[in-house]
Amino acid sequence: MESRPMRTLVLAAAAALAPLVVAAPATARERLTGDQELAKLLEGRVAGEPKSCISTIANRDSRVIDGTAVVYGRGKTIWVNVPSNARDLDDDDALVIKMWGPRVCRHDIVTTLDTASGFYTGNVFLQDFVPYTRVD
């Protein structure tokens, strides 16, 4: 026979978890695909002439868009690189780039590591960097 305190504890736990179960599908629907996230980021921007290298001094900020691209910079101009194996990009991975100076280039060696475990997850094959400048 189940004791009263145990039944109360089970009911309290179920009540506490109920909002999470109901809210989970709504949160999942709100998550954008990589292509949608990139399109939103590029709204109001115009593409410029692609470059094979960009300065890492001026473009220290970077982010991985899951399965889509690597984006450098912030503000008026951002640089977008769509690797040849973009589908392998995971926004939970860290990019480790072996560079030959203060620039990141299309032929640099890029390795990915899982941020939680630190384990090797693959390589990224960069292409040209396309600048996207905000239109005033």
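Which residues make up the largest nonpolar core? The model is a predicted one, in which local features need pLDDT of at least 70 and side-chain atom pairs count only at pLDDT 80 or more, while totals for chains, interfaces and linings use all residues. Residues are numbered from 1 along each chain as its sequence is written, and side-chain values use heavy atoms, with hydrogens and water left out. The largest nonpolar core has 11 residues, namely Ile 54, Val 64, Val 70, Tyr 72, Trp 79, Leu 89, Val 104, Val 110, Val 124, Leu 126 and Phe 129. Apart from it lies another core, of 9 residues, among them Leu 38, Leu 42, Val 80 and Tyr 132. A nonpolar core here is a set of buried Ala, Val, Leu, Ile, Met, Phe, Trp, Tyr and Cys residues joined through side-chain atoms within 4.5 Å, and buried means under 20% relative accessible area, with a 1.4 Å probe and protein chains only.

Helix H2 spans residues 34–42, and its buried residues include Gly 34, Leu 38 and Leu 42. These cover an arc of only 65° around the axis, which puts them on the same side of H2; the arc is that of the directions from the helix axis to the C-beta atoms. Helices (H or I, at least four residues) and strands (E, at least two) are DSSP runs, numbered from the N terminus. The cover over the buried residues of H2 includes strands E1 (45–47), E3 (62–65), E4 (69–72), E5 (77–81) and E10 (129–134).

Two of these strands, E3 and E4, pair in the antiparallel sense over 4 bridges, where pairing requires that DSSP finds at least two bridges between the strands. Ile 65 stands opposite Ala 69 in E4, and the hairpin that E3 and E4 form has 3 residues between the strands, with Gly 67 in the turn at a positive phi of about 65°. Thr 68 has its place in the loop between E3 and E4, and counts as buried at 7% relative accessibility. Its side chain reaches the backbone oxygen of Asp 66 at 3.1 Å. Not counting residues up to four places away in sequence, Thr 68 touches Gly 34, Asp 35, Leu 38, Val 82, Pro 83, Ala 86 and Leu 89, a contact being heavy atoms within 4.5 Å.

Elsewhere, an open sheet of 3 strands has the order E6-E8-E9, with antiparallel pairing. Strands E6 (93–98) and E9 (120–124) stand at the edges, each with a single partner strand, so one side of each is left without a neighbour in the sheet.

Methods: Buried means under 20% relative accessible area, exposed over 50%, partly exposed in between (1.4 Å probe, protein chains only). A polar contact is a pair of N or O atoms within 3.5 Å; within protein, one must be able to donate a hydrogen and the other to accept it, and residues adjacent in sequence count only if both atoms are side-chain atoms.
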